[in-house]
Amino acid sequence: RYIKQYNDIELTALGMAIPTVVTIAEALKRDGLASNKEVKISTVNSKKDDEGRFFQKAKIQIVLGKAEKLEKAVVATTAPKETSDTDMKA
């Protein structure tokens, strides 16, 4: 629903959540619902413990756009259905 409404979706994850976000992005692409627009990989500082020591965590941002297949499906479902004589009798 979100990608239909806004045309783009941004998935972001830190550290151990990265494989989950990649799996979601790949599933959307495999099903033809989204296409890859941009992938950014970086590191961010994260607080480790009460001593105030910082360490770096991996961060990924994946931007997906609405796929052509999804746009065609939306047009097909919103197009008015023609009724025939046999439909009216049923």
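## Pairing within the sheet

Strands β1 and β3 pair in the antiparallel sense over 7 bridges. The model described here is predicted.

The two strands belong to an open sheet of 3 strands, with antiparallel pairing and the order β1-β3-β2. Strands β1 and β2 (34–47) stand at the edges; each has a single partner strand, so one side of each is left without a neighbour in the sheet. From one strand to the next, the twist averages 15°. Helix α2 packs on the sheet and touches β1, β2 and β3. The direction of α2 makes about 10° with that of β3.

## The chain as a whole

The secondary structure comprises 4 helices and 3 strands. Read along the sequence, these elements follow the pattern α-β-α-β-β-α-α. Among contacts in the chain with a separation of 6 or more, 64% are between residues 24 or more positions apart.

The chain has 90 residues, of which buried residues make up 20%. It exposes about 7,200 Å², and carbon and sulfur atoms supply 53% of that area.

## The nonpolar core

Which residues form the largest nonpolar core? This core has 11 residues: I3, I9, L11, A13, I18, V21, A25, A34, I60, I62 and L64. The elements that give two or more residues to it are β1, α2 and β3 (54–66). In soluble globular proteins, nonpolar side chains tend to be buried together.

Leaving aside its neighbours within four places in sequence, A34 is in contact with I3, L28, K29, L64, G65 and A67.

## Salt bridges

How many salt bridges does a search of the whole structure find? The search finds 4, and three of them are described here.

The side chains of E26 and K29 meet in a salt bridge, with an N to O distance of 3.0 Å. These residues are 3 residues apart in helix α2 (residues 18–30), and therefore are separated by about one helical turn. E26 counts as partly exposed, at 40% relative accessibility, and K29 likewise counts as partly exposed, at 27%. K29 is also among the contacts of A34.

A salt bridge also joins the side chains of R30 and D31, at 3.9 Å from N to O. R30 counts as exposed, because its relative accessibility is 65% and the cut-off for exposed is over 50%. D31 is partly exposed, with a relative accessible area of 39%. The side chains of E38 and K40 meet in a further salt bridge, at 3.6 Å from N to O. Here E38 is partly exposed, with a relative accessible area of 35%, and K40 counts as partly exposed at 42%.

## A positive phi at N7

Most residues other than glycine have a negative phi. What is the phi of N7 near? It is near 70°, a positive value in a residue other than glycine. N7 is placed in the loop between α1 (2–6) and β1 (8–14). At 41% relative accessibility, N7 counts as partly exposed.

Conventions. Residues are numbered from 1 along each chain as its sequence is written. This is a predicted model: local features need pLDDT of at least 70, side-chain atom pairs count only at pLDDT 80 or more; totals for chains, interfaces and linings use all residues. Side-chain values use heavy atoms; hydrogens and water are left out. Buried means under 20% relative accessible area, exposed over 50%, partly exposed in between (1.4 Å probe, protein chains only). Contact means heavy atoms within 4.5 Å. Accessible areas come from the Shrake-Rupley method with a 1.4 Å probe; for residues, only the protein chains shown count as cover. A nonpolar core is a set of buried Ala, Val, Leu, Ile, Met, Phe, Trp, Tyr and Cys residues joined through side-chain atoms within 4.5 Å. Two strands pair if DSSP finds at least two bridges between them. Axes are lines fitted to C-alpha atoms, for helices over the stretch in contact, and angles run from 0 to 180 degrees between N-to-C directions.
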